[in-house]
Amino acid sequence: KLQAAKEKAARERDEGEQRKDPAAMAELREKFVEQCKKYYGVPYAKRYHEPDSPHYNSPIFLDCCGLVRQVLRDLKDDFGFTTGPWNQAYQFDTLPIRYDTWDQMKPGDLIFAEGKYIK
């Protein structure tokens with residue numbers, strides 16, 4: 001089921017990119033970055049705050065993946081798709097465009113690192 005969702009999201013992403021002109025894509029990237037900035041100051045996780053701190057009872061906590069998911073949900077009509085509640089591996093598989101060099105990157109691109117996790 002997860003694999004089917006990944007494939008569908010990848011297809012939709014590819015089709016959406018083909019339909020967008022460079023100016024529209026630049027505008028969408030800027031909108032993504034500006035929406036991310038609206039979450040400046042949102043705490044990372046409750047466990048890092050003492051019960052008497054102002055962040056402890058925050059209505060929302062966002063780690064890096066949570067921020068990306070939240071902004072994509074905020075802009076779902078602009079992007080034309082939504083992401084599921086999965087982690088960065090899902091985002092890595094469904095969202096990025098891969099570049100050969102750093103100079104090809106644009107504002108709003110996400111950076112993912114690959115590696116093995118050993119317990």
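Trainee: Which residues make up the largest nonpolar core?
Mentor: Happy to start there, keeping in mind that this is a predicted model. The largest nonpolar core has eight residues in all. They are Phe32, Cys36, Tyr39, Leu62, Val68, Val71, Leu72 and Leu75.

Trainee: And which helix gives the most to this core?
Mentor: Two elements give two or more residues to the core, namely helix 2 (22-37) and helix 3 (64-74). The one that gives the most, with three residues, is helix 3.

Trainee: How are the rings of phenylalanine 32 and phenylalanine 79 arranged as an aromatic pair?
Mentor: Their centres are 6.1 Å apart, inside the 6.5 Å limit for a pair. The planes stand at 85°, and over 60 degrees counts as edge-to-face. So the name for the phenylalanine 32 and phenylalanine 79 pair is edge-to-face.

Trainee: How many residues apart in sequence are the parts that this pair ties together?
Mentor: Good one to trace on the model. Phenylalanine 32 lies in helix 2, while phenylalanine 79 belongs to helix 4 (residues 76-79). The pair therefore links parts separated in sequence by 47 residues.

Trainee: Is phenylalanine 79 buried or partly exposed?
Mentor: Buried would need a relative accessible area under 20%. Phenylalanine 79 has 24%, so it counts as partly exposed.

Trainee: Which residue lies over the face of tyrosine 56?
Mentor: Here a charge sits over a ring, which needs a distance within 6 Å of the ring centre. The distance in this case is 4.6 Å, and the residue over tyrosine 56 is lysine 46.

Notes
Residues numbered from 1 in each chain as written. Predicted model: local features only at pLDDT ≥ 70, side-chain atom pairs only at ≥ 80, totals over all residues. Heavy atoms only, no water. Core = buried A, V, L, I, M, F, W, Y, C linked by side-chain atoms within 4.5 Å. Buried < 20%, exposed > 50% of the residue type's maximum accessible area, 1.4 Å probe, protein only. Helix = DSSP H or I, 4+ residues; strand = E, 2+ residues; numbered from the N terminus. Phe/Tyr/Trp six-rings, centres within 6.5 Å; stacked < 30°, edge-to-face > 60°. Lys NZ or Arg CZ within 6 Å of the ring centre and 35° of its normal.
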